[in-house]
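User: Can you walk me through this model? I'd like to start with the strands and then get to the charges.
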Amino acid sequence: MKMTYLGNDTYGDRPVYEDENGKLWKDVDPISDREPRLCSAVNNAFDGEPDCPYHPEIYGKPEFIPYRVLWR
């Protein structure tokens, strides 16, 4: 699943991505030595709270465009 970086939300400075279907996802643990922990955004809102987790076994491994944005 391709995830295009849109920016960071204003509440938690979390990276926000949009998938191929227009759904927004937030990386709630954007640390370089950890696997992505993506959660959907409530009401599909850019600044919405993280909600349901992303399941790579259902959606496929995320491919970050242009790359995965990390805090460190």
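Predicted model: local features only at pLDDT ≥ 70, side-chain atom pairs only at ≥ 80, totals over all residues.
User: In which sense do β1 and β6 pair, and over how many bridges?

Analyst: They pair in the parallel sense, over three bridges. Two strands count as paired if DSSP finds at least two bridges between them. Strands themselves are DSSP runs (E, at least two residues; helices are H or I, at least four), numbered from the N terminus. Residues are numbered from 1 along each chain as its sequence is written, and side-chain values use heavy atoms, with hydrogens and water left out.

User: Which residue in β6 is the bridge partner of Lys 2?

Analyst: Glu 63.

User: And β1 with β2, parallel or antiparallel?

Analyst: Antiparallel, joined by five bridges. Thr 4 stands opposite Glu 18 in β2. The two strands form a hairpin with six residues between them, and Asp 13 in the turn has a positive phi of about 55°.

User: OK, charges. How many salt bridges does a search of the whole structure find?

Analyst: Four. The cut-off is a side-chain nitrogen of Lys or Arg within 4 Å of a carboxyl oxygen of Asp or Glu.

User: What does Asp 9 pair with?

Analyst: Lys 26, with the closest N and O atoms 2.7 Å apart. That pair links distant parts of the chain: Asp 9 sits in the loop between β1 (2-8) and β2, Lys 26 in strand β3 (residues 24-27), 17 residues apart.

User: Are those two buried or exposed?

Analyst: Both Asp 9 and Lys 26 are buried. Buried means under 20% relative accessible area, exposed over 50%, and partly exposed in between (1.4 Å probe, protein chains only).

User: What about Arg 68, which side chain does it meet in a salt bridge?

Analyst: Asp 27, at 2.8 Å from N to O. This one also links distant parts of the chain, with Arg 68 in the segment after β6 (63-65) and Asp 27 in strand β3, 41 residues apart. Arg 68 and Asp 27 are both buried.

User: And Arg 34?

Analyst: Arg 34 forms a salt bridge with Asp 29, the closest N and O atoms being 2.8 Å apart. Arg 34 is partly exposed at 39% relative accessible area, while Asp 29 counts as buried at 14%. There's also a network: salt bridges that share partners join Asp 9, Arg 14 and Lys 26.

User: Where is Asp 47, and which backbone nitrogen does its side chain reach?

Analyst: Asp 47 lies in the loop between β4 (38-41) and β5 (50-53). Its side chain reaches the backbone nitrogen of Thr 10 at 2.8 Å. Leaving aside neighbours within four places in sequence, Asp 47 is in contact with Asp 9, Thr 10, Tyr 11 and Lys 26, and Asp 47 is partly exposed at 39% relative accessible area.

User: New topic. Which residues make up the largest nonpolar core?

Analyst: Eight of them: Met 1, Met 3, Tyr 17, Trp 25, Leu 38, Tyr 54, Phe 64 and Val 69. A nonpolar core is a set of buried Ala, Val, Leu, Ile, Met, Phe, Trp, Tyr and Cys residues joined through side-chain atoms within 4.5 Å. Phe 64 touches Met 3, Tyr 17, Pro 36 and Leu 38, again leaving out residues up to four places away in sequence.

How values were computed
Contact = heavy atoms within 4.5 Å. Polar contact = N/O pair within 3.5 Å; in protein donor to acceptor, adjacent residues only side chain to side chain.
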